[in-house]
Amino acid sequence: MRRAALLPLLFAALAGRLAGQAAPVQDAAPPAPVSACVACHSDPARVPQPSAREPVANLADDIHGQRGLSCHDCHGGRADVDLTAPDAAARAHDAAAGYVGRPAPSAGPAFCGRCHSDPAYMSRFNPDARVDQETRYHTSVHGERLAAGDTQVASCISCHGRHPGGEKSAALAHGIRAVADPQSPVHPLNVAATCARCHGDAEYMAEYGIPTNQHEQYQQSVHRAALVEKEDLSAPTCNDCHGNHGARPPEVESMAFVCGTCHAKQAELFRQSTMKLAFDEAEMGECIVCHGNHGIVAPTDELLFHEPLAEGAATTGCYTCHPDATDAALAISTAVHGDLGGLQARIGEARAVLADASAKGMPVAEAEYELAGATDALVEARALVHLFRREPVDEACARGTKVADSALAQGHAAIGAFYFRHRWLAVSLLGIAFVILSLWLKLRQVDRRWRASEMSGPASG
Amino acid sequence: MTSSSPAPESPFRRFLDERLGLASLRELLGHKTVPQHKHAFWYVWGGMVLFLFLVQVATGILLLLYYRPGAGEAYESVQFIVTRVSWGWLVRSLHSISANLLMLALMVHLASVFFLRAYRRPRELTWVTGVGLFFVFITFGFSGYLLPWNQLAFFATSVGTEVPRAIPWVGPFLVKLIRGGPDVTGATLSRFYGLHVAILPALTTLLLGAHLYLVQRHGMSVPRDAQEKGPPMPFYPNFLLRDMIGWFVALGVLITIIVLAPTAPMGALFPFDVLFDPKHLLELGTKADPFASAPEGIKPEWSFLFMYQTLKLLPAKLAGLDGEMVGVLCFGAGALVLVLVPFLDRGASGLRPNAFSRLGGAAVVLIGLVMAGLGTWSMVVLGQPLGVAGGVLAATWIVVSVLLDLRRGAGRPSLLFPSLGWLAVAFIVVMTAIGRIT
């Protein structure tokens, strides 16, 4: 009732208006009916304020406009008033007809939620559409603070809307793009910058007492490198760890679950380890203690080493908590470090030998394929580090070393075959030269006999 | 001493003589002779082709023991041959490289017979069977190229089998027939395998048998203007020993290319790497993937390169007709002219020129003009003066040959047909060169 009745009419009106910009009006077609809202708010003579014409101007880029919605679908009122009537404005903006105008900031989530929390309505556009955004928003730190009267916190349009006046400008609701649209502020590639608009602004965040360097740290992280440089849109950005509509910082005890969303194997192994209990008792944040959070860098085997990491490193190693050289835990980490390093060195050696053989034109594709098994074992061994025991890592490393040794042997055999072929060529060419020489000597002999017989032939005949 | 009594025969030799008639074969060999004159060197090339063909047969049979046709197995089986089978790398490399040397020797043989006009009466059918063998070996090369089922072979075959589509009316049907469907698939591989190991060998046996019989029947041709240097040389053993020296030289070249090519810098195996890239021939590369994008700069084998390059240079429309169709039809006509050379070049036999000869002369002039045009185009667009040099050379030669013909008068062999041959050689060289450097 609230939207359906006039939807086809207004969609046709909007489509007609948009089409009219791109293509000439066809002679035979009757003029398309135009929504009173659109007609009025696009006419500078009727609505002289540019800000009041901005909604219609941006409707074409707006996902709602693209799905056939128009002004009154959100703002209510009457879209079919006769604009020549003296009371047209009053009738169009009649509260009795459901006109709500511009919602107050605190009413934003409920305003959007009228549709976005309605499964029946949303399924018309996407049968799989989620409808929990408003509910989750109320559970977020943003939602809690908004409910407490803090209108500075983010609500729907803060993230989804446009900021035509720059990052610090007020958000405008018209021109909201689909999340999958690369120009959308909540497209995965843009999320970090969108969050940083507030969370990177020290002045804006001053009253909340939370750090504002997360975005700066994230720029250095392996997650950002995967997302932006490798263009892997499944790589995490802010909302993947903190949630989006229900955004809040993860609690200490749920840290492994958050990281485990993607790093499932490592998280599961950590939960099986004795270290889990120790971390919980010490109220330490599990994964982030060693790996860091926003500025997380690619982990290296040096995390296990018994020496402090370089100053300013984004991660901390075993040494941080086990500085005593006699600590048994440190002995395990040092041994595991040695195991991993040994396997990695063996893989590197095999790879170099195979590359040398390949450069010599020897077919080593099978050995290279086999060597991938050793790399798999190394990856597995590194994951098994999260059990904080030496035996499983040892076992995986031994398996990988066996595979790498086999590939290495094949590489050496290929290089040996290469030199054998050259020796064989030299011997063969010598043999061929000998045969050619013998044939040439024989040829000289038979030619001499033939010429002699030809010379004596006519005389004797 | 010449009338001494023959040596007593061993019982075994007598046994074979009675059953196989070896005595008559010995007698035949004893009577076979080879003329001696300044062009006699070119006679060895027929034997060279035969030797390289026998290398193909021997290595092909060995490869058959391990090769498995089929899109799912072919690549793996070739990989197995070159990595696991003892000396498999040598057998496969010999097969691959000697196939290219065979084409090279065959072209030299064909050209020498053409320019010495050895096809003239009564050797017309010797020429026809020889040209037939040339086409069969081209097909051998084309079908064999796909058998390893690697990426390069797959896309080269996709491009190559697309060419007949330009033939009017029957083109699409021919493409489907060759591929065994609309695209190059495992069905094409099966087809090419059958062609390579059954149909073409059977055709070769027939044509080669006929060719050798005709060579034996008519003997070696002596060019009309060549002065014989003396009595003809016995084929056995004098000429055969010369042949064998050539074969062993070829064997040495073959194994040197095979062993050195993978690491030799470009130019080290000159002139072979000017014509073809032995590294690419020896590398197996990656398995064919129809969904992958075509390798960059993909080109057909060197022996097809001039055709590919010509079709590439032709404009989309020629006199209102599809340019590629005109090109393909021209090559078809060229192949037909090649087969019919002995019947068209009546002047070679000292007979009066007929309408065909005159048409041939007109064709030479026409193609010369096209050649010169292409040469200019290649310089203007590609910045390669090679094309212009070839074009100008060819056009000049045609003009000179026509003028000389007018002065030579009746009864002397016309220079027009050799001009046609030189033109074809120049055209093939220029197009191959443009194909290699672009």
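Reader: Does Trp149(B) count as buried or exposed, and why?
Author: Trp149(B) counts as buried, because there are 25 C-beta neighbours inside 10 Å. The cut-offs are 20 or more other C-beta atoms within 10 Å of its own for buried, 12 or fewer for exposed, and partly exposed in between, with C-beta atoms placed from the backbone. This is a predicted model, in which local features need pLDDT of at least 70, side-chain atom pairs count only at pLDDT 80 or more, and totals for chains, interfaces and linings use all residues. Residues are numbered from 1 along each chain as its sequence is written, and chains are lettered from A and ligands numbered from 1 in the order in which they are written.

Reader: Where is Trp149(B) in the fold?
Author: Trp149(B) sits in the loop between helix 6 and helix 7 (151-160) of chain B. Helices here are DSSP runs of H or I with at least four residues, strands are runs of E with at least two, and both are numbered from the N terminus.

Reader: What is phi of Trp149(B)?
Author: It is near 55 degrees, a positive value in a residue other than glycine. Most residues other than glycine have a negative phi.

Reader: And Trp87(B), buried or exposed?
Author: Trp87(B) is exposed, with 11 other C-beta atoms within 10 Å. Trp87(B) also has a positive phi, about 60 degrees, and is in the loop between helix 4 and helix 5 of chain B.

Reader: Back to Trp149(B). What is it in contact with, beyond its neighbours within four places in sequence?
Author: Those partners are Ala71(B), Ala74(B), Tyr75(B), Phe154(B), Leu189(B), Lys287(B) and Ala288(B). Contact means C-beta atoms, placed from the backbone, within 7 Å.

Reader: How many residues has the largest nonpolar core?
Author: The largest nonpolar core has 63 residues, and Trp149(B) is one of those with the most contacts inside it. Such a core is a set of buried Ala, Val, Leu, Ile, Met, Phe, Trp, Tyr and Cys residues joined through C-beta atoms within 7 Å. Helix 5 of chain B gives the most to this core, 12 residues.

Reader: Which peptide bonds are cis?
Author: Among them are Arg121(B) to Pro122(B), with omega near 10 degrees, and Tyr236(B) to Pro237(B), with omega about 5 degrees. Pro122(B) is in the loop between helix 5 and helix 6 of chain B, while Pro237(B) lies in helix 10 of chain B.

Reader: How many residues of chain B are in contact with chain A?
Author: There are 23 from chain B, against 21 residues of chain A. Helix 10 of chain B supplies the largest share of the chain B side, 13 residues. That side has 15 nonpolar, seven polar and one charged residues. Ala, Val, Leu, Ile, Met, Phe, Trp, Tyr, Cys and Pro count as nonpolar, Asp, Glu, Lys and Arg as charged, and the others, Gly among them, as polar.

Reader: What domains does chain B have?
Author: The assignment, automatic or from a database, gives domain 1 (34-335) and domain 2 (345-438). In chain B, 15 residues of domain 1 are in contact with 14 residues of domain 2. Helix 13 of chain B gives the most to the domain 1 side, seven residues.

Key: Contact = placed C-beta atoms within 7 Å.
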